[in-house]
Amino acid sequence: MGLDWQELYAERFRFSQESPLGNVLRYGELPDMISLAGGYPAAELFPAEAFREAFDRVLATDAKVALQYSSAEGYLPLREYLVDRMSRFGIKSSPEELLITHGSQQGLDLVARLFVDPGSLVVVEDPCYVGGLQAFNSYEARYVAIPTDEEGMQVDRLEAALVDGQLHPRLIYALPNFQNPSGSTLSLSRRRQLLELSHRHRIPILEDDPYGELRYEGKKLPSLKSMDSEGNVIYLGTFSKILAPGIRVGWVVAPEQVIRRLLDGKQAADLHTSTLVQRATYEVCRQGLLDGHVAKMRPVYRRRRDAMLRALTEQFGSGARWSRPEGGLFLWLQLPHVVDSDAMLQDAVAEKVAYVPGSAFSPSGEKNSAIRLNFSSSTPEQIEEGVRRLTRVASRWQEKLAEGKGPALRVNLARAA
Ligand code: PMP
């Protein structure tokens, strides 16, 4: 008889479930599928030639070092470059306060490892980035879930939750810009209020900012890190959405003493991020390509966002609502609240359109009627056709439910309101 693997896993893995995204992302690979599910940047925009030259140059001039082990904190010139680049956005730091990670996903894992004991409370937005929940789940966090609206996390609700001093969260996990999945942006007054709460209650903020540079309209808002006078904010950055996710290079900015402890975790996890890739990435950046590249991406993504908003307006009937993100890669579509977006996905896939159901982003895993739509990795034509297919499926579901035939979502109306 084979082993009962489930029984042998560590407690924390028995407690957590398999990734809710695995299957959904695989749908994207089926023929003729229009996938509005993944969070992929537009592959046709990757600066492939710049990377080819950079790798060539590094291997031609520095192969002995570039192919060797290196230090856990990351390649110093790349850290210096990032310190300098972030100072343009008002974030003051030094190379000693910056650690290179394997994407910001590793930053989430390292921070969770350092701050979360089994049962620790983490403040998260509801809905929340699924990879953040996965990282915290691995360390058996419990959540204080704060609902979001078009101005991001409803900080008043957090204030109310903290008022009697009974809760002692270890971290506040915040995505202030073009949040994944909702697309919402934390307003300036709420940014101030959140920092004030962090200072008053002495709770660190983990600011996750992969999309800050991908703003298509409206005024740029300062990061929490740049507004923080007391050093409470740990900031996560990444090249994934502004250059390419396949290189897996991100960074953490935090007080030096925190970085030193994160380094212990980094060493335990993978010793260091690829020496070769860090050097090639630095070569690409050194040539000043990044700003021009981001400037090229913005109008492409803006057109795709506009195509999605237009298609939703023209095609979706009453009862559905959606966010209008000023940047980033996603928007959040709220179907009439009896529709179970998990159950509807099978029909959507049969109709050859894929999305991520809202339950993936729910801190409690609760099923709901929302879906996340990505607009960066499909052309405007594909987006229009994808929304048409989605509309067909959603109207069929609404009709079935109206006739009392379909499996209606059992909603907690207090939450759905
Ligand atoms: N945080 C958020 C909010 C994200 O959307 C993503 C990627 N989808 C990540 C972190 C992870 O990004 P990376 O590729 O840098 O690991």
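Guide: A polar contact here is a pair of N or O atoms within 3.5 Å. Keep in mind that this is a predicted model.

Visitor: Ok. How far is the polar backbone atom of Gln105 from an oxygen atom of the ligand?
Guide: The separation is 2.9 Å, which counts as a polar contact because the cut-off is 3.5 Å.

Visitor: And what about the backbone of Ser104?
Guide: There, a backbone N or O atom lies 2.7 Å from a ligand oxygen atom.

Visitor: Which distance goes with the side chain of Ser240?
Guide: An N or O atom in the Ser240 side chain is 2.6 Å from an oxygen atom of the ligand. As for cover, the ligand has 400 Å² of accessible area on its own, and the protein covers 92% of that.

Visitor: Which residues come nearest to the ligand?
Guide: Ser104, Asp208, Tyr211, Thr238 and Ser240, out of 13 residues around the ligand.

Visitor: How does that shell split by class?
Guide: It has 6 polar, 4 nonpolar and 3 charged residues.

Visitor: Which helix gives the largest share of the shell?
Guide: Helix α6, residues 103-115, with 3 residues.

Visitor: Different topic. Where is Arg85?
Guide: Arg85 sits in helix α5, which spans residues 76-87.

Visitor: Is Arg85 buried or exposed?
Guide: Arg85 is buried, because its relative accessibility is 5% and buried means under 20%.

Visitor: What does Arg85 touch?
Guide: Leaving out residues up to four places away in sequence, Arg85 touches Glu213, Ile242, Leu290 and Asp291.

Conventions. Residues are numbered from 1 along each chain as its sequence is written. This is a predicted model: local features need pLDDT of at least 70, side-chain atom pairs count only at pLDDT 80 or more; totals for chains, interfaces and linings use all residues. Side-chain values use heavy atoms; hydrogens and water are left out. A residue is near a molecule or strand if one of its heavy atoms lies within 4 Å of it. A polar contact is a pair of N or O atoms within 3.5 Å; within protein, one must be able to donate a hydrogen and the other to accept it, and residues adjacent in sequence count only if both atoms are side-chain atoms. Accessible areas come from the Shrake-Rupley method with a 1.4 Å probe; for residues, only the protein chains shown count as cover. Helices (H or I, at least four residues) and strands (E, at least two) are DSSP runs, numbered from the N terminus. Ala, Val, Leu, Ile, Met, Phe, Trp, Tyr, Cys and Pro count as nonpolar, Asp, Glu, Lys and Arg as charged, and the others, Gly among them, as polar. Buried means under 20% relative accessible area, exposed over 50%, partly exposed in between (1.4 Å probe, protein chains only). Contact means heavy atoms within 4.5 Å.
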